[in-house]
Amino acid sequence: MAHEAEDKAREESAKASQKTKETAAEADKKASEASAKASGKAKEFSEYASQKGDELGKDASDKYDKAKKSAARNYREGKEEAKEKGNELSRNRDNPVVVGNAVIIGVGSVALGFAGYQKYAKGELSWEVVGLATAALGAFALGDYYLSQYLFKEKYPKK
């Protein structure tokens, strides 16, 4: 009977060992399938990400080229406009309106700066004073603009 029990135990052990091998093989097969599926999904995602990256890169490159061309065009136009304004100022340098405005700007800047510094030195400079001076300067500039336009039109035309 001891032999029978021993044989039975060996038989059960062999069955368990076989069952373990089958389960391990099945688990290995399922793990391999899952790995292949995950690898396929990863490759698919990688291709998608690469495609989107290429599209975004091309879009950014196109926008950069467009902005670069626009900036170059704006630079040329601005340079031409500044050159034209400089030539206009040069042609009109003996016009009394232009000379008068240049003198007013120079003297006014010095006077405003000096008065502001005096107020500051006395401790009387406040936002209220600055606001009033700014409003007065704006009103003067507006009047000067319209007077200059009138004088250019009626008495001292631009060249």
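The legends below describe close-up views of a predicted model.

**View A. Lining of the largest pocket.** The volume of this pocket is about 280 Å³. Its lining consists of Ile-104, Ile-105, Gly-108, Ser-109, Leu-112, Ala-133, Ala-136, Leu-137, Phe-140, Ala-141 and Asp-144. At least two lining residues come from each of helix H2 (96–122) and helix H3 (127–154), and H3 provides the largest share, with 6 residues. Sorted by class, the lining comprises 8 nonpolar, 2 polar and 1 charged residues.

**View B. Packing of helix H2 against helix H3.** Two packed helices are described by the angle between their axes and the distance between the axes. The axes of H2 and H3 come within 11 Å and cross at roughly 170°. Angles over 145 degrees count as roughly antiparallel, and H2 and H3 are therefore roughly antiparallel to each other. On the H2 side, the contact is formed by Val-97, Val-98, Asn-101, Ile-104 and Leu-112. H3 contributes Ala-133, Leu-137, Phe-140, Asp-144, Ser-148, Leu-151 and Phe-152. The residues of this contact divide into 9 nonpolar, 2 polar and 1 charged.

**View C. A salt bridge between Glu-26 and Lys-30****.** Side chains of opposite charge can pair when their charged atoms come close. In this view, the side chains of Glu-26 and Lys-30 form a salt bridge with an N to O distance of 3.5 Å. Both residues belong to helix H1 (residues 2–91), where a spacing of 4 residues means that about one helical turn separates Glu-26 from Lys-30. The structure contains 7 salt bridges.

Notes: Residues are numbered from 1 along each chain as its sequence is written. This is a predicted model: local features need pLDDT of at least 70, side-chain atom pairs count only at pLDDT 80 or more; totals for chains, interfaces and linings use all residues. Side-chain values use heavy atoms; hydrogens and water are left out. On a 1 Å grid over the protein atoms alone, a cavity is a set of points where a 1.4 Å probe fits but cannot get out, and a pocket is an open set with protein on both sides within 12 Å along at least five of seven lines; lining residues have an atom within 4 Å of a point. Grid points are joined across faces, edges and corners, and a volume is the space filled by probe spheres set on the points. Ala, Val, Leu, Ile, Met, Phe, Trp, Tyr, Cys and Pro count as nonpolar, Asp, Glu, Lys and Arg as charged, and the others, Gly among them, as polar. Axes are lines fitted to C-alpha atoms, for helices over the stretch in contact, and angles run from 0 to 180 degrees between N-to-C directions. Angles under 35 degrees count as roughly parallel, over 145 as roughly antiparallel, 65 to 115 as roughly perpendicular and the rest as oblique. Contact means heavy atoms within 4.5 Å. A salt bridge is a side-chain nitrogen of Lys or Arg within 4 Å of a carboxyl oxygen of Asp or Glu.
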